[in-house]
Amino acid sequence: GGLLSTMSALNATVMASSRVAFSMGREKMLPELLSKIHPQRRTPYIAVLATGLIIVVMTATMPVEVVGSAASVLFLLSFALVNGALIVLRKRNFASAIGFKVPLFPWLPVAGIVINLGLAAYQFSYQPRAWLISLVWVFAGAVIYLGYAKDRVKKREEAPILLEERITQR
């Protein structure tokens, strides 16, 4: 059961990561080649291959527990950022305009930030190299954004719509 759940989680991570790379390629935050879609299978195959290559290189050059802990740190930091963004959006009255409600606001998002950062800090005591890898990834992302993507990013109204579905009420 543990092996099957691990394989399922790895599959979901590869697919989600490749989708992020595809979207970033489409918005020109990464090379546009990553946004290429396979003509027959309709999948972002270059993004899937690039993501798979990064994962293979990382797992071949580092211990698996370090790579797993680094992924956990990055997920925890991103969850903390999502909670922070939620607070900012609610304060700007954006989220309430679309009808999204947050129970126990702002206490629940603040608790999410504290818990996620606390768990990320715990990862340092468990696997310090994971934090080093995470910081390198964050630094690399900042360098790529500032050096490559900042002036290339498409404005929201320029981004293509690949599929639009309209929901009709009965």
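1. In helix α3, the buried residues are V66, V67, S69, A70, V73, L76, A80, N83, L86 and I87; buried means under 20% relative accessible area, exposed over 50%, and partly exposed in between (1.4 Å probe, protein chains only). Helices are DSSP runs of H or I with at least four residues, numbered from the N terminus. The cover over these α3 residues includes α2, α5 (107-126) and α6 (128-149).

2. The model is predicted, so local features need pLDDT of at least 70 and side-chain atom pairs count only at pLDDT 80 or more, while totals for chains, interfaces and linings use all residues. Residues are numbered from 1 along each chain as its sequence is written, and side-chain values use heavy atoms, with hydrogens and water left out.

3. α3 covers residues 64-91, 28 residues in all, and spans 41 Å from first to last C-alpha, close to the 40 Å expected at 1.5 Å a residue. That expected span is 1.5 Å times one less than the number of residues. After α3 comes N93, with a positive phi near 70°.

4. S18 is in helix α1 and is buried because its relative accessible area is 2%. A polar atom of the S18 side chain lies 2.9 Å from the backbone oxygen of M15. Leaving out residues up to four places away in sequence, S18 touches A47, V48 and T51, where contact means heavy atoms within 4.5 Å.

5. H38 sits in the loop between α1 and α2 (45-61). With 17% relative accessibility, H38 counts as buried. The H38 side chain reaches the backbone nitrogen of R41 at 3.2 Å. Apart from neighbours within four places in sequence, H38 is in contact with T43 and Y45.

6. The salt bridge count is 1, the rule being a side-chain nitrogen of Lys or Arg within 4 Å of a carboxyl oxygen of Asp or Glu. K28 pairs with E32, and their closest N and O atoms are 3.7 Å apart. K28 is partly exposed at 27% relative accessibility, and E32 is partly exposed at 44%.

7. On the surface, L3, M7 and L10 make up a nonpolar patch with about 340 Å² of accessible area together. Patches take residues with over 30% relative accessible area and no salt bridge, joining like charges within 9 Å and nonpolar side chains (Val, Leu, Ile, Met, Phe, Trp, Tyr) within 5 Å. Areas come from the Shrake-Rupley method with a 1.4 Å probe, and for residues only the protein chains shown count as cover. L10 belongs to α1 (residues 2-26) and is partly exposed at 49% relative accessibility.

Conventions. Helices (H or I, at least four residues) and strands (E, at least two) are DSSP runs, numbered from the N terminus. A polar contact is a pair of N or O atoms within 3.5 Å; within protein, one must be able to donate a hydrogen and the other to accept it, and residues adjacent in sequence count only if both atoms are side-chain atoms.
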